[in-house]
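Please look over the structure below with its charged side chains in mind.

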Amino acid sequence: LEDERNENVALKRETQGLTEARNNLEKAQQRLCHEIQVKEALVCSLEGQLLAAKKQIDKLEQELKRLEAELERSQRASTPTECQLHLTPTKIYPGCSALSRPNE
């Protein structure tokens, strides 16, 4: 009879330990699900920012093309000896006094 009681106590302890372990796993699962939801929301937000940045880049590229075409038309209209501009992808270097400002 005492052996049965000891076995019963041991089984109750084991059951309690397993219940606690299950509860801890459920809490961990809930925490991980929440973290995933937060990260998915962040990804969604970043994708929106990326899309907006791409649209802004497209607008700026179009504006650059427009300005380059306008510059080219302006250069064709002026006499070649009067003014010559050297273009690089990032800067415009005026090569004549008519378009450049005095040294500042």
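Arg22 and Glu26 both belong to helix α1 (residues 2-77), where they are 4 residues apart, about one turn of the helix; helices here are DSSP runs of H or I with at least four residues, strands are runs of E with at least two, and both are numbered from the N terminus. This is a predicted model, in which local features need pLDDT of at least 70 and side-chain atom pairs count only at pLDDT 80 or more, while totals for chains, interfaces and linings use all residues. Residues are numbered from 1 along each chain as its sequence is written, and side-chain values use heavy atoms, with hydrogens and water left out.

**Salt bridges**

- With a salt bridge taken as a side-chain nitrogen of Lys or Arg within 4 Å of a carboxyl oxygen of Asp or Glu, the count comes to 5.
- One of these joins Arg22 to Glu26, with the closest N and O atoms 3.6 Å apart.

**A linked network**

- Glu63, Arg66 and Glu70 are connected in a network of salt bridges.
- Glu63 pairs with Arg66 at a closest N and O separation of 2.7 Å, and these two residues of helix α1 are 3 residues apart, about one turn of the helix.
- Arg66 also pairs with Glu70, the closest N and O atoms being 3.0 Å apart, and here the spacing within helix α1 is 4 residues, again about one turn.

- Arg22 is partly exposed at 45% relative accessible area, the scale being buried under 20%, exposed over 50% and partly exposed in between, with a 1.4 Å probe and protein chains only.
- Glu26 is partly exposed at 39%.
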